[in-house]
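Please look over the model below before reading the points.

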Amino acid sequence: MSLAARIAGNSLAGWLLPAAIIAGWEIASRAGLIPANVLPAPSAVAEAFWRLTLSGELIRNIGVSTLRALSGFAIGGSIGFALGLANGLSTLSRGLTDTTLQMIRNIPHLALIPLVILWFGIDEEAKLFLVALGVFFPIYVNTLLGIQGVDPQLVEMGRVYGLDRRALFFRVILPGALPSIFVGLRYALGIMWLTLIVAETIAASSGLGYMAMQAREFLLIDVVVLSILIYALLGKLADSLARLLERLSLGWHPAFQKR
Amino acid sequence: MPAATLTAARSLVATPARPIGSVEGRRAFAFKEVGKRFGDKIVLDGIDLDVRAGQFVAVIGKSGCGKSTLLRLLAGLDRPSSGSLTLGAGEEGHSRTRFMFQEPRLLPWMSVVRNVEIGLTGIAGGTEARQRALAMLAEVGLADRADEWPSVLSGGQKQRVALARALVGQPQILALDEPLGALDALTRIEMQQLLERIWLNQRFTAVLVTHDVGEAVALADRVVVIGEGRIALDLDVPVARPRRHGSAELARIEGAILDHLFGRG
């Protein structure tokens, strides 16, 4: 079997179980084993999907949520990355900020929701702030860890061979820290969706979470289930993108080499 | 003692292609009264060592005798606590001192040839660097592995890439810190022969730190034994090259050094 076929086969295998679950669920619903007011049949969810797509409501809400998720991720992720680099490279910077950051890290960021609503109301800033805060720590911690974990023997080799600070960073330190940074990235993507869902469910006037809460008010359980499924798909999409990036940039790593 | 062999050795160690200023030849480097302390611990104490350009010197001694420290001082990785270290005049287009570590220390995220190009940092770049790196790889017999990741190479191959990286900049001095220590016996002999062949071609000054007396006498023109931070023995090895492993002459010199090391001389 060719490599491409094998990869396609592997990812197909991953979808077998979800497909089987949906089929079983549909059969159970039609047979009346699952009452429609508890869990609607997949076909009913599909219908809701079609209805909301036609009205444009679904696309608009997905767009709003994705934009929030990505902007929050960009803000929190870049600050976390920058601080992780700074604290990994400079003992002065680490001495000044690390203790503070480690203290803040231990506060569950969702515990700040009441405070955030008081500060920002239910405007965009509230969601951005929460997502950015949630994403910040996994990126920060793993970037710092990655840089501290770079083999000092390789750094010494770079110095002996006359690499300047810039070359040392881009050719030795950053590539060495990259596997750990990717762990942080994938972890942060999970937190990004989680935070956004919670924030939109509690305080929002648009977005997927808001759509789900509205549907609950009107007992549109098919829309509630649809929102949850879309979250799952978006989460999977983000993770797949991160994996792709990982494969592209870590081709040298024995774990990513074809055997 | 080696006084007699000292003069005899000079004629055997030719330094062609380089003008010889005096009978002693051009100086590669000289240690004068060099001492090194780490805190209270005296590692090196009054080392005097004068090495001519193109000479192959082996430094041996028991573990912790300061031989690696001597090498790190030579490569500028550490500064002497006392005394002075002078290096001979540099030449255009050559890197002055290159260091070969005990471990290959290749960057796993760069292809083999790009790792060799690291040795040309500040000397050549772009296509020229690639050409020179490929030529050097061919010299160590790894031309066909140029575009592979280091992780797929064997230990001996990795150390050959490290040797190519060290030599691609045509250094005047090559400092080797037990680079063959982790290799199996056969690969080791192969590497020794490779090292000798390249040294005969390029005629850089080689300083090899090793704990293997057999390796030292097989490769070096001159063997320096360090004991308790001082030079305990400075012996020339006047044997013609290419040398045959296990010859009676080498074995005799090896025996003399071992006797000295264990105080049986």
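The points below take the basis of the model, then each chain, then selected residues.

1. Basis. This is a predicted model, in which local features need pLDDT of at least 70 and side-chain atom pairs count only at pLDDT 80 or more, while totals for chains, interfaces and linings use all residues. Residues are numbered from 1 along each chain as its sequence is written, with chains lettered from A and ligands numbered from 1 in the order in which they are written.

2. Chain A, overall. Chain A has 10 helices and 0 strands; helices (H or I, at least four residues) and strands (E, at least two) are DSSP runs, numbered from the N terminus. The C-alpha trace of chain A spans about 75 × 60 × 30 Å along its principal axes. Of the 259 residues in chain A, 32% are buried. A residue is buried if 20 or more other C-beta atoms lie within 10 Å of its own, exposed if 12 or fewer, and partly exposed in between, with C-beta atoms placed from the backbone. Among the contacts in chain A with a separation of 6 or more, 73% are between residues 24 or more positions apart; two residues are in contact if their C-beta atoms, placed from the backbone, lie within 7 Å.

3. Helix α10 of chain A. Helix α10 (residues 221-249) of chain A has 29 residues and should span 42 Å at 1.5 Å a residue, which agrees with the 43 Å between its end C-alpha atoms. The expected span is 1.5 Å times one less than the number of residues. The buried residues of α10(A) include A:Asp222, A:Val223, A:Leu234, A:Ala238 and A:Glu246. Their cover includes α2 (42-55), α8 (165-202) and α9 (208-217) of chain A.

4. Chain B, overall. Chain B has 8 helices and 9 strands. Of its 265 residues, 40% count as buried. Residues 24 or more positions apart supply 72% of the contacts in chain B with a separation of 6 or more.

5. Domains of chain B. The assignment gives domain 1 (3-90 + 172-261) and domain 2 (104-170); such bounds come from an automatic or database domain assignment. The C-alpha centres of the two domains of chain B lie 25 Å apart. Domain 1 puts 9 residues into the contact and domain 2 puts in 8 residues. On the domain 1 side, α6(B) gives the largest share, 5 residues. By class, that side has 7 nonpolar, 2 polar and no charged residues. Here Ala, Val, Leu, Ile, Met, Phe, Trp, Tyr, Cys and Pro count as nonpolar, Asp, Glu, Lys and Arg as charged, and the others, Gly among them, as polar.

6. Contact between the chains. How many residues of chain B are in contact with chain A? There are 15, and they meet 12 residues of chain A. The chain B side divides into 9 nonpolar, 4 polar and 2 charged residues.

7. Nonpolar core. The largest nonpolar core has 122 residues, and those with the most contacts inside it are A:Met192, B:Val59, B:Val207, B:Ala220 and B:Val223. Such a core is a set of buried Ala, Val, Leu, Ile, Met, Phe, Trp, Tyr and Cys residues joined through C-beta atoms within 7 Å. At least three residues come from each of domain 1 and domain 2 of chain B. Leaving aside neighbours within four places in sequence, B:Val59 has contacts that include B:Leu70, B:Val207 and B:Ile226.

8. B:Val217. This residue is in helix α7 (residues 213-219) of chain B. B:Val217 counts as buried because 25 C-beta neighbours lie inside 10 Å. Not counting residues up to four places away in sequence, B:Val217 touches B:Val223, B:Val237, B:Leu250, B:Ile253 and B:Glu254.

9. Strand β5 of chain B. From β5 (residues 97-100), B:Thr97 and B:Phe99 point one way and B:Arg98 and B:Met100 the other way, and all are buried. β5(B) runs parallel to β6 (residues 173-177) of chain B, with 4 bridges joining them; strands pair if DSSP finds at least two bridges between them. B:Ala175 in β6(B) stands opposite B:Phe99.

10. Backbone angles to check. B:Gln170 is not a glycine but has a positive phi of about 45°; B:Gln170 lies in the loop between α5 (155-167) and β6 of chain B. B:Glu178 also has a positive phi, near 45°, and lies in the loop between β6 and α6 (185-202) of chain B. B:Gln170 counts as partly exposed, with 17 C-beta neighbours inside 10 Å, and B:Glu178 is partly exposed with 19 other C-beta atoms within 10 Å.
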